[in-house]
Amino acid sequence: MSAPPVIDAPSPFDASWRQEVGAGLDADGVALIDQAVTWAIPRFEGQHALTGEPLASHGAGVVRILAALHTDAATRAAALLAALPTDLMAPAPALRNDPVAAAFGAEVARLVQGTRALLRLGVVARQASDAEAESGSQKEMQRKMLLAMAADLRIVLMRLASRLRTLRWHAESKAPCSTDFARETLDLYAPLANRLGIWQIKWEMEDLSFRFLEPDRYKQIARLLEEKRVEREAFIAGAIDRLQSALTKAGIDAEVSGRPKHIYSIWSKMRVKRLDFAQMYDLRALRIIVEDVRACYTALGLVHEMWTPLSNEFDDYISRPKPNGYRSLHTVVADDDGRPFEVQIRTREMHQFAEYGMAAHWRYKEAGAKGGQVAASSEYDRQLAWMRQLLAWNSDVEGGGQPGQDSGKPDAAKADTGKATSSKPGSSKNRNLVKTPAHTDERIYVLTPQARVIELPAGATPVDFAYHLHTDLGHRCRGARVDGQMVPLQTHLSTGQTVEIISAKSGGPSRDWLNPQLGFLASPRARAKVRMWFNAIELQQRITQGQALVEKELQRLGKTAVNLEQLAQTLGFARADDLYVAAAKEEFSLRQIDSVFQQPAPATEPQPAALRHASAGSAEKSGKSGVLVVGVGSLLTQLARCCRPAPPDAIAGFVTRGRGVSIHRCDCHSYQALAAREPERVIEVAWGETSDTFYPVDISVRAHDRPGLLRDLSEVFARLRLNVVGVNTQSKQSLAHMVFTVEVRGGESLSRALDALAEVAGVSSASRR
């Protein structure tokens, strides 16, 4: 396919721009970009955004950002076309009537329409009249809604790139940037980029937004950084040479470099930790990139040998990754003059994710004549699975509230605005495109008339929406408007729609709502509330009926002055209402009431003493295991429950995924199996200061079953002042097997306990499990 003739384009689309945005694309991809430029230039003529930025310049800048993220040709072409002027509030045309689809195909047209739908969402959100719509939890819900409306995650990348380009234009042109625009970027778009792991975009968005929101503080920090720049660069250069030679001598293949520090993150840490600029540890920082996880911990030991580590300044994000998937080792050490600096250690794979996040995987290409790069790996598939979890996004990542609680007043939904936007995944022939897959736990995000975002399950109806706002509003729901139009209550809602509930002043739900074939409810939570309504009515009817039966029987017996609550408890019921219900359902014979007055109340047998709670010094409760990881100052450790190690047992460590280092006894069968399968994750550990810590151990006792056996064993523990936190007993054919979980300080107290238990009458063996 021959390339189109070069156009005498405005400066945004010059030769250097074409070379930059065509990087990494094949001939067809470059031709698609050229076609988009040819098609868009006359439509850009003289057009400006509301901010004053020329739309042609904006589109060119967005494509340049997306090229740096290694996106595909369709994404870059769609981003340029999405910058063309349009009426955002007008409904999107069907693909068969869309001129973009006719010229560039359905895939590019879907990306353009999806991007404009997100722009429309921003307009609706800015018109919010509900104060709660500006809360932190609602910002989180808006991020979820933004993702859900983007059937293709490339749309989210396009939106992020567009926002970043606008911020850059304000900085380059010195044009005033509104504080609302900058604040929205910090609240909505920067956290979204962080969630996707695209740190390059996140950091630049934060710095530029901070520059417009707090110009004086921004300039102050920038000036302080510049004053120390020469000294800082000289130190980093020397430290890199010293560390690189030490790593090479140790046989570690590594790349060592300085790490840039961003102004917003400096200010955030100064504000959160109440630090002065001079107290910032990570203004001088190094980054070490190695081949594998084992080399990470080896390099960490080298760093701690060369410089003095600062206590409480070590973070292991490899064993405990951040919620957005970030993994790395962070440590702060002091140089020969006592000045602190930070060192980050990670693998190449971790570094790629840290720089580009999800966008890193657009670098994948098909192997073969056109590609020449690696094919998709199992790690790539795992990242796709992570993205599916991202779209559900049910966990609170940045302080979002808990969805699904009754909130607001019953009549919280009034008036109308907005336009329905469907979220249906598109299709693509390119294997390197990441799409939103269909899954059963899909969520939708709709708006109240006050622009508050509500999260509901896919297939939810206006009745589900009403019950989510408030249980009473759901009971009184009688009609609904969606985007200003009256709709049946069985209507399935779509992401982006605005819903208004029409309610009665009183009344309750219909039994038809519980019929799944009629389709009134999709939310199990809403269905449970309707069921509870009718169950409460039925329960009250049974209580009234049963109470009449019980009182009639008492009149027959001449016992009308009896306390009904005490009578119910004597008959084995927790409350009188439970007795009434049982009588109404004929599950209880009223003749049993007479037997209560004929027989004396049975004597209450003494109950066995309850188990004690774990002591304050327990290793499980305090989280302080007393175990030291050789070569590392402060690493998360936990005692394995399979073997329950305690001093002075011989122990070994195993680096887990997400839970730090698990400490096992060396003779533990589980540990031996793990070490044989993954020996590179074995790490050397030793007991440290353990004198003030109690360790839970399992003691197995086998004995001939007899009355009072458990009491005699309990007296042994009481005499030795040992805290029993768990017990499990089994008895079969007059033989008893009991396992006690006991807190001990070390091997000496455990030995005394085993000797004393063996002397109890009937005990055949007492041993550590």
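Figure 1. Phe13 is buried, at a relative accessible area of 2%. Buried means under 20% relative accessible area, exposed means over 50%, and partly exposed lies in between (1.4 Å probe, protein chains only). This is a predicted model: local features need pLDDT of at least 70, side-chain atom pairs count only at pLDDT 80 or more, and totals for chains, interfaces and linings use all residues. Residues are numbered from 1 along each chain as its sequence is written, and side-chain values use heavy atoms, with hydrogens and water left out. A search of the whole structure gives 13 aromatic pairs. The ring centres of Phe13 and Phe44 are 6.4 Å apart and the planes meet at 20°, so this pair is stacked. Rings of Phe, Tyr and Trp (its six-membered ring) pair if their centres lie within 6.5 Å; planes under 30 degrees apart count as stacked, over 60 as edge-to-face and the rest as tilted. Phe13 sits in the segment before helix H1 (15–21) and Phe44 in helix H2 (residues 27–44), so the pair ties together parts 31 residues apart in sequence. Helices (H or I, at least four residues) and strands (E, at least two) are DSSP runs, numbered from the N terminus. Phe44 is buried too, with a relative accessible area of 4%.

**Figure 2. The Tyr264 and Trp267 pair.** These two rings form a tilted aromatic pair, 6.1 Å centre to centre with 40° between the planes. Both residues belong to helix H13 (residues 263–272); being 3 residues apart, Tyr264 and Trp267 are separated by about one helical turn. Tyr264 is buried, and Trp267 is buried as well. Ring pairs also bring in Phe210 and Tyr218, giving a cluster with Tyr264 and Trp267.

**Figure 3. Charges over rings.** The charged end of Arg43 sits over the ring of Trp39, 3.7 Å from its centre. Lys322 lies over the face of Tyr317, at 4.9 Å from the ring centre. A charge sits over a ring if NZ of Lys or CZ of Arg is within 6 Å of the ring centre and within 35 degrees of the ring normal.

**Figure 4. Helix H21 and what covers it.** In helix H21 (residues 576–584), 7 of the 9 residues are buried, so the helix is largely enclosed by the rest of the structure. The buried residues are Ala576, Leu579, Tyr580, Val581, Ala582, Ala583 and Ala584. Their cover includes helix H19 (524–557) and helix H20 (564–570).

**Figure 5. H19 against H22.** Two packed helices are described by the angle between their axes and the distance between the axes. H19 packs with helix H22 (residues 591–598) at an angle of about 45°, the axes lying 10 Å apart. That makes H19 oblique to H22. Axes are lines fitted to C-alpha atoms, for helices over the stretch in contact, and angles run from 0 to 180 degrees between N-to-C directions. Angles under 35 degrees count as roughly parallel, over 145 as roughly antiparallel, 65 to 115 as roughly perpendicular and the rest as oblique. From H19, Val550, Glu553, Leu554 and Leu557 make the contact (heavy atoms within 4.5 Å). From H22, the contact residues are Ile593, Asp594 and Phe597.

**Figure 6. Backbone details.** Pro647 and Pro648 are joined by a cis peptide bond, with omega of about 5°. Pro648 is in the loop between strand E12 (637–639) and strand E13 (651–655). Asn312 has a positive phi near 65° and is not a glycine. Asn312 belongs to strand E3 (residues 308–316), and is exposed, with a relative accessible area of 71%. Arg721, also not a glycine, has a positive phi of about 55°. Arg721 is in the loop between helix H25 (709–719) and strand E18 (723–732), and counts as exposed at 78% relative accessibility.

**Figure 7. Gly24 and His70.** Gly24 lies in the loop between H1 and H2. Gly24 is partly exposed, with a relative accessible area of 47%. The C-alpha atoms of Gly24 and His70 are separated by 7.3 Å, and these residues are 46 residues apart along the chain.
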